Amino acid sequence: MTDTNNNQTKERVMTDIWDNPELATPTGAYVKWETPGDEIVGDVTSVTVGEDMNGKACPVIGVRLDDGEDRIISASQAMLKSLMVEHRPLPGDRIKVVFSKVEKRDGGKTLKVFEVTVAHGGAKDRKSTRLNSSHLCNL
């Protein structure tokens with residue numbers, strides 16, 4: 001194959017568009033973070049981009065629990081979104097998310113506080129750092 005300047009280029013192999021991981025849609029019920037202490041632990045099956053309530057982009061993480069059930073984490077809350085973006089979970093990673101508490105803010109607002117732990121590559125017995133700098137935990 002040659003480009004317009006008559007230079008040799010590598011041939012691109014087209015795959016089926018439906019194999020594109022960007023089109024992977026997570027399956028299962030969305031996780032509702034209602035009560036401090038709510039948590040989810042499992043293997044990341046997909047990572048896509050969704051929208052929060054204001055139409056802004058947010059990570060959407062598909063997670064398969066140890067019992068085989070699928071769940072979806074929409075990381076639209078400010079702290080959860082920040083932690084996901086910082087730690088960048090990918091399919092195959094092991095993830096634990098804990099809704100730890102609600103903090104009161106000025107103007108009557110509240111902030112949901114989360115702890116996120118990711119073991120890249122899915123090692124269930126591997127220690128990884130909790131992103132809020134509190135301490136180490138096993139997944």
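## Arg-88 and its loop

Arg-88 lies in the loop between helix α1 (78–87) and strand β5. The model described here is predicted. Although Arg-88 is not a glycine, its phi angle is positive, at about 55°. Arg-88 has a relative accessibility of 58% and therefore counts as exposed, the threshold being over 50%.

## Overall architecture

The protein chain contains one helix and eight strands. Read from the N terminus, these elements follow the order β-β-β-β-α-β-β-β-β. The chain has 139 residues, and buried residues account for 35% of them.

## The aromatic cluster

A search of the whole structure finds two aromatic pairs.

Phe-99 and Phe-114 form a tilted aromatic pair, with 5.5 Å between the centres and 35° between the planes. Here too the pair links distant parts of the chain: Phe-99 is in strand β5 and Phe-114 in strand β6, 15 residues apart. Through these ring pairs, Trp-33, Phe-99 and Phe-114 are linked into a cluster.

The accessibility of the two phenylalanines can be stated individually. Phe-99 has a relative accessibility of 0%, so this residue counts as buried. Phe-114 is likewise buried, because its relative accessible area is 0%. A charged side chain is also placed at one of these rings: Lys-112 lies over the face of Phe-99, at 5.3 Å from the ring centre.

## Arg-94 in strand β5

Arg-94 is located in strand β5, which covers residues 94–104. What is the relative accessible area of Arg-94, and is the residue buried or exposed? The value is 3%, and Arg-94 is therefore buried, the limit being under 20%. The side chain of Arg-94 is joined to that of Asp-43 by a polar contact of 3.4 Å.

## Pro-59 in strand β3

Pro-59 is found in strand β3, which covers residues 57–65. With a relative accessibility of 15%, Pro-59 counts as buried, because the limit is under 20%. Pro-59 and Val-49 are ten residues apart along the chain, and their C-alpha atoms are separated by 4.9 Å.

## The largest pocket

Empty space in a structure can be located by rolling a probe the size of a water molecule over the atoms. In this model, the largest pocket has a volume of about 210 Å³.

Which residues line the largest pocket? The lining consists of Val-31, Lys-32, Trp-33, Glu-51, Asp-52, Met-53, Asn-54, Ser-74, Ser-76 and Gln-77. By class, this lining has three nonpolar, four polar and three charged residues.

Notes: Residues are numbered from 1 along each chain as its sequence is written. This is a predicted model: local features need pLDDT of at least 70, side-chain atom pairs count only at pLDDT 80 or more; totals for chains, interfaces and linings use all residues. Side-chain values use heavy atoms; hydrogens and water are left out. On a 1 Å grid over the protein atoms alone, a cavity is a set of points where a 1.4 Å probe fits but cannot get out, and a pocket is an open set with protein on both sides within 12 Å along at least five of seven lines; lining residues have an atom within 4 Å of a point. Grid points are joined across faces, edges and corners, and a volume is the space filled by probe spheres set on the points. Ala, Val, Leu, Ile, Met, Phe, Trp, Tyr, Cys and Pro count as nonpolar, Asp, Glu, Lys and Arg as charged, and the others, Gly among them, as polar. Helices (H or I, at least four residues) and strands (E, at least two) are DSSP runs, numbered from the N terminus. Buried means under 20% relative accessible area, exposed over 50%, partly exposed in between (1.4 Å probe, protein chains only). A polar contact is a pair of N or O atoms within 3.5 Å; within protein, one must be able to donate a hydrogen and the other to accept it, and residues adjacent in sequence count only if both atoms are side-chain atoms. Rings of Phe, Tyr and Trp (its six-membered ring) pair if their centres lie within 6.5 Å; planes under 30 degrees apart count as stacked, over 60 as edge-to-face and the rest as tilted. A charge sits over a ring if NZ of Lys or CZ of Arg is within 6 Å of the ring centre and within 35 degrees of the ring normal.
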